[in-house]
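Here are my notes on the model, written as numbered points so that you can follow along in the viewer.

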Amino acid sequence: MNYSIFRKILVRFTKAFSFVLIKMALFIKLISRSLIRRIFPIKNPILWLVLLSSLLLTGCVDYDAGVTFNNSNSGEIVQHIKLGERLTSFSGDYVYEWLHSIERRTRQLEGKTQRISPEEIIVKIPFSNGQELQEKFNDFFNSRTNQKAEALQKASTSELPKIESNLLINQNNFVLLVRNRLIYDLDLRSLSLIASRGNVLSDTGSILDLEFSIKTPWGARNIQRTETAINPQKQGKQLVWQLQPGQLNHIEVIFWLPSPLGIGGLLIILFIWGGIYLRYTFMPDPRVQFASDTKAAATE
């Protein structure tokens, strides 16, 4: 008898306690939503994507950009982009459209793309001289995003971070060799903290892995003249800089390249001089031979 009464009391107490827990959970959920809306009044889904990624992912975007020089008249811009699978699962439409825009811009600059996987792509854009490198590089990294992203940005009250990229190269021709001075400034200060109306959302340094590299036949010498200059890592004939989100990244290098035109002109001159030398050193003088032939014909 006492056992049945105790059982009924326990059942009623359990139901009442569960009801209270459910009400408390709903109340906490409503309060949290209200606080989030007040603290983070964001309407742009891309910013929410970055926020969720920073909380749940690490190293979800690998972006390696580099310039490879074969000589002063040949080279290519190489980019290797790899997105984390979990990042694409959050918002595949946006990231895939971004990759498609990269492919379109590459074709416009007479480059080629190679899809390793839906989340990984390699871009190669050729150039024939320093001026063309400067124009193509700045055109690619400063071009506007695709129309879908622009429409999304206009529809949203929040502004996406603006990134400024500028590459400058000066070349001095010394006939056989060309001295190159490359300066690259990349302003990533807008990526330090993604915010809306002054409210901090995310530190992008935890989700972006950005690298820039320069590869030349004889290597390059890094110059550190400003406070924002980055010390590179040397990998053979290649220098690799780890770019820092949230900072103004400054890169300055000096390197020498062979000049195919100068070397070709020198070879032509040497070939002509060698022919003349052999002709007048190991063969009789044509003027003496011509005079002898004339005298013999007159005697006959």
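**Notes on the model**

1. A loop residue to begin with: V175 sits in the loop between β5 (164–174) and β6; helices (H or I, at least four residues) and strands (E, at least two) are DSSP runs, numbered from the N terminus. V175 is not a glycine, yet its phi is positive, at about 65 degrees. With a relative accessibility of 58%, V175 counts as exposed; the cut-offs are under 20% relative accessible area for buried, over 50% for exposed and partly exposed in between (1.4 Å probe, protein chains only).

2. Before going further, a word on the basis of these notes. This is a predicted model, in which local features need pLDDT of at least 70 and side-chain atom pairs count only at pLDDT 80 or more, while totals for chains, interfaces and linings use all residues. Residues are numbered from 1 along each chain as its sequence is written, and side-chain values use heavy atoms, with hydrogens and water left out.

3. E110 is exposed, its relative accessible area being 62%. As background, most residues other than glycine have a negative phi.

4. Now the chain as a whole. The protein chain has eight helices and 13 strands, and 32% of its 300 residues count as buried. Among contacts (heavy atoms within 4.5 Å) with a separation of 6 or more, 65% are between residues 24 or more positions apart.

5. Which residues touch the most other members of the largest nonpolar core? They are F69, L133, L182 and F212, in a core of 38 residues. Strand β1 (residues 61–71) gives the most to this core, with five residues. The term covers buried Ala, Val, Leu, Ile, Met, Phe, Trp, Tyr and Cys residues joined through side-chain atoms within 4.5 Å. In soluble globular proteins, nonpolar side chains tend to be buried together.

6. At the start of α5, a side-chain oxygen of N129 comes to within 3.2 Å of the backbone nitrogen of Q131. Buried in α5 are G130, L133, Q134, K136, F137, N138 and F140.

7. The aromatic residues come next. The whole structure holds ten aromatic pairs, counted when ring centres of Phe, Tyr and Trp (its six-membered ring) lie within 6.5 Å; planes under 30 degrees apart are stacked, over 60 edge-to-face and the rest tilted. F137 and F212 form an edge-to-face pair, 6.2 Å centre to centre with 85 degrees between the planes. This pair links distant parts of the chain, with F137 in helix α5 and F212 in strand β9 (residues 208–215), 75 residues apart. Both F137 and F212 are buried.

8. F140 and F141 have ring centres 5.1 Å apart and planes at 75 degrees, so this pair is edge-to-face too. F140 is buried at 3% relative accessibility, whereas F141 is partly exposed at 22%. R105 lies over the face of F140, at 4.9 Å from the ring centre; the test is NZ of Lys or CZ of Arg within 6 Å of the ring centre and within 35 degrees of the ring normal. One aromatic cluster takes in F137, F140, F141, Y184, F212 and W241.

9. N142 and S165 are 23 residues apart in sequence and 6.5 Å apart in space, C-alpha to C-alpha. N142 is partly exposed, with a relative accessible area of 40%.

Notes: A polar contact is a pair of N or O atoms within 3.5 Å; within protein, one must be able to donate a hydrogen and the other to accept it, and residues adjacent in sequence count only if both atoms are side-chain atoms.
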